[in-house]
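Hi,

Here's the structure I said I'd pass on.

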Amino acid sequence: MTSLPLNSRPFSFDTEFASDGSTTRTGAAFVPTKRAYLPAEVEALVAQGRLEAREAALAEVESLQAMALVTIGQAIAASAPALGQVAQAHREQSAELALAAARVIATAALDRFPAGPLQEALEQLGSEIDAAPRLVIRARGLDETVQARLQAVCVDAGFSGLIAFRDDPGMATAAFQLEWADGRADYDPAEAAARMGEALAAALAAEAGHAETLNGSPH
């Protein structure tokens with residue numbers, strides 16, 4: 001039986017073959033694979049693995065967050081015109097509802113106190129009619145009680161001339177006409193309501209033309 005020399009060593013391949021068939025000599029010494037680890041080494045490897053996994057998870061979460069923000073921004077930009085139209089429609093409907101409610105309240109108040117607007121007008125026109133020699137009041141439902149109250153209002157406003165009452169059943173409730181030497185004033189609830197509606201529509205149209213974007217800056 002032949003014995004191996006004392007200076008023998010394990011055989012190693014010093015030649016590597018590349019993908020194109022060429023060969024290279026590495027001259028690298030043989031390093032055996034480590035198959036046993038100490039407990040401390042195992043704990044260190046586990047900790048390193050956990051750290052790498054945590055860093056990878058955080059990186060993935062940040063990437064998903066960035067993608068989500070981009071998607072949200074694109075969705076907001078795409079829906080901004082529709083949201084603006086919805087907001088404008090809501091403003092218009094709210095204004096129309098408020099105006100309709102005001103008309104109902106005003107109609108009820110005028111039915112109960114039809115001479116209220118006329119009395120208020122006489123009080124406000126005191127400085128205009130105080131020097132007039134004659135005042136003509138045309139309205140509906142000018143009975144003796146109403147005439148007496150209106151005369152008292154005129155006296156309190158400083159008017160000392162002659163008052164001529166003209167009862168006109170064809171006029172609307174609370175409507176009136178005032179005529180004196182230097183001027184005239186009239187009021188019709190329906191016409192006043194129509195003018196308010198026109199003013200409201202003009203204001204809403206102007207607001208729509210200068211609507212604000214979602215970031216608060218005007219168009």
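Below are some notes on a helix and a few strands.

First, some ground rules: this is a predicted model, where local features need pLDDT of at least 70 and side-chain atom pairs count only at pLDDT 80 or more, while totals for chains, interfaces and linings use all residues. Residues are numbered from 1 along each chain as its sequence is written, and side-chain values use heavy atoms, with hydrogens and water left out.

Let's start with helix α1, residues 39-112. (Helices are DSSP runs of H or I with at least four residues, strands are runs of E with at least two, and both are numbered from the N terminus.) α1 bends by about 45° at Ala80, and Pro81 follows within four residues; the bend is the angle between axes fitted to the seven residues ending there and the seven starting there.

The buried residues of α1 are Gln88, Ala95, Leu99 and Leu110. Buried means under 20% relative accessible area, exposed is over 50%, and partly exposed is in between (1.4 Å probe, protein chains only). Gln88 comes in at 10%. Beyond its neighbours within four places in sequence, Gln88 is in contact (heavy atoms within 4.5 Å) with Leu204 and Ala208.

Now the strands. β5 (residues 176-180) has Phe176, Leu178 and Trp180 on its covered face, with Gln177 and Glu179 on the uncovered one. In a regular strand the side chains alternate between the two faces of the sheet.

β5 pairs antiparallel with β3 (residues 134-139) over five bridges; pairing takes at least two DSSP bridges. Leu178 is the bridge partner of Ile137. β5 also forms a hairpin with β6, with two residues between them, and there Gln177 stands opposite Asp186.

Cheers
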